[in-house]
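Subject: Structure for your files, with notes

Hello,

Here is the structure I said I would pass on. My notes on it come after the files.

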Amino acid sequence: MSRDLNEYGLSQFNVHKTCNDHVLDLICALNTGCTVSLTDKAVNSTHTSLHCDLVFDRKCRVTRSERTVFNYTKADFNHLKSLLHCIPWSALLDVNECVNIFYDLVYAAIKQCVPKIKLRGRKLPPWYDPDLISVLKEKEEMHIQ
């Protein structure tokens, strides 16, 4: 899990055991301005509550991301189908070998038949959904007031 978090620049800040001597709550953030502490308020009889303080740097903004993705709307599916049809599937015997070769061949065919496009202009990371963006805008408006 830590590898996945690091891929997005996130850190996990909670180390407190809140239920049956286990850490159950993940508190992830982009920066190090986060402190987590146990509270005496119980959510239920088996789970201890946490208090989290986050410090935001108003100057810190996410830079525009640019990434390349396959544009399947302009793919040449007839050519892709003919490439996949030419693969000698009967020559593959070992299951593990078949899976590896299958993915290699499929990805090679996709790279050949599906053009790529660059997605530009997005100021926010790709995991920001419309609900989160709306909440962030509302929060920003509250800070201005």
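This is a predicted model: local features need pLDDT of at least 70, side-chain atom pairs count only at pLDDT 80 or more; totals for chains, interfaces and linings use all residues.

Overall make-up

The protein has four helices and six strands. Read from the N terminus, the order of elements is α-β-β-β-β-β-α-α-β-α. Of its 145 residues, 17% count as buried. The exposed surface comes to about 11800 Å², and carbon and sulfur atoms supply 56% of that area. Taking contacts between residues at least 6 apart in sequence, 49% join residues at least 24 apart.

Aromatic pairs

How many aromatic pairs are there? The count comes to three. One of them is formed by Phe70 and Tyr72, with 6.0 Å from centre to centre and 50° between the planes, and this pair is tilted. Phe70 is partly exposed at 28% relative accessibility, and Tyr72 is also partly exposed, at 41%.

The pair of Tyr103 and Tyr107 is stacked, because the ring planes are at 20° and planes under 30 degrees apart count as stacked. The centres of these two rings are 5.9 Å apart. Both tyrosines lie in helix α3, four residues apart, which is about one turn of the helix. Tyr103 has a relative accessible area of 41%, so this residue is partly exposed. Tyr107 is partly exposed too, with a value of 48%; exposed would need over 50%. Together with Phe102, Tyr103 and Tyr107 form one aromatic cluster.

A charge over a ring

Which residue has its charged end over the ring of Phe70? That is Lys116, at 5.0 Å from the ring centre. Phe70 therefore has two entries in these notes: the tilted pair with Tyr72, and the charged end of Lys116 over its ring, while the residue counts as partly exposed.

Leu105

Helix α3, which covers residues 95-113, also holds Leu105. Is Leu105 buried or partly exposed? Its relative accessible area is 32%, so Leu105 is partly exposed; buried would mean under 20%. Leu84 is 21 residues away from Leu105 along the chain, and the C-alpha atoms of the two are separated by 7.8 Å.

If you open the model, Tyr103 and Tyr107 in helix α3 and Lys116 with Phe70 are the places these notes refer to.

Regards

Technical notes: Residues are numbered from 1 along each chain as its sequence is written. Side-chain values use heavy atoms; hydrogens and water are left out. Helices (H or I, at least four residues) and strands (E, at least two) are DSSP runs, numbered from the N terminus. Buried means under 20% relative accessible area, exposed over 50%, partly exposed in between (1.4 Å probe, protein chains only). Rings of Phe, Tyr and Trp (its six-membered ring) pair if their centres lie within 6.5 Å; planes under 30 degrees apart count as stacked, over 60 as edge-to-face and the rest as tilted. A charge sits over a ring if NZ of Lys or CZ of Arg is within 6 Å of the ring centre and within 35 degrees of the ring normal. Contact means heavy atoms within 4.5 Å. Accessible areas come from the Shrake-Rupley method with a 1.4 Å probe; for residues, only the protein chains shown count as cover.
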